[in-house]
Amino acid sequence: MITDLCLARVLSEEDQESCGSKCLNDHYKLQDEFAQNYKIFTDEKCRNYIFYPYDLCLLPYLNELLQNGINHFRLECQYYPAEKLIEVFKIYRQALRDAQNPTGGQADNFNRLLRLSPEGLAAVPWIHKSKAGI
Ligand SMILES: [Zn+2]
């Protein structure tokens with residue numbers, strides 16, 4: 001989710017027109033009622049990018065996606081450190097090779113990814129509906 005609202009400025013106790021780029025220098029997060037933390041990254045225009053608590057991962061569905069004709073994939077890892085990015089790339093490369101082998105499972109590849117993401121992985125974001133059903 002992207003918002004032009006600078007959450008650092010809005011949530012600040014100080015009444016100010018600008019956050020003074022504070023949002024660029026500090027790490028902010030939102031926390032829901034389940035104590036899940038949503039990371040916030042900010043660009044130079046105070047635009048806030050809010051991320052799900054868990055990295056989204058479709059690797060468990062890779063074989064099924066390939067079987068249904070999807071053969072181009074994009075890894076959204078722009079905020080990963082270089083070392084993690086390289087490992088994730090290697091895992092997906094191996095997963096694509098394993099998908100060619102009918103006996104090859106993806107469990108090992110998924111477990112390798114999970115070790116790189118100790119906060120967890122999810123195929124879909126889990127969002128709790130409010131009592132009003134919104
Ligand atoms: Zn800001």
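Predicted model: local features only at pLDDT ≥ 70, side-chain atom pairs only at ≥ 80, totals over all residues.
Me: Within what arc do the buried residues of helix 4 fall, seen down its axis?
Reply: The buried residues of helix 4 are V88, I91 and A95. They line one face of the helix, because the arc within which they fall, viewed down the axis, is 60°.

Me: Against which helices do the buried residues of helix 4 pack?
Reply: V88, I91 and A95 are buried in helix 4. The packing partners of these buried residues are helix 3 (62-67) and helix 5 (107-116).

Me: How far apart are the end C-alpha atoms of helix 4?
Reply: Helix 4 comprises 18 residues, 82-99, and at 1.5 Å a residue it should span 26 Å. The model agrees with this expectation, the separation of the end C-alpha atoms being 26 Å.

Me: What is the mean pLDDT of helix 4, where confidence is highest?
Reply: The protein as a whole averages a pLDDT of 86, and 90% of the residues score at least 70. Confidence is lowest in helix 2 (residues 22-25), with a mean of 82, and highest in helix 4, at 95.

Me: Which residue takes a positive phi in the hairpin of strand 2 and strand 3?
Reply: Strand 2 (residues 28-31) and strand 3 (residues 37-42) run antiparallel and are joined by four bridges. Y28 stands opposite I40 in strand 3. Five residues lie between the strands of this hairpin, and the positive phi, near 65°, belongs to A35.

Technical notes: Residues numbered from 1 in each chain as written. Helix = DSSP H or I, 4+ residues; strand = E, 2+ residues; numbered from the N terminus. Expected span 1.5 Å × (residues − 1). Buried ≥ 20, exposed ≤ 12 C-beta atoms within 10 Å, placed from the backbone. Arc of directions from axis to C-beta. Contact = placed C-beta atoms within 7 Å. pLDDT = per-residue confidence, 0-100. Pairing = 2+ DSSP bridges.
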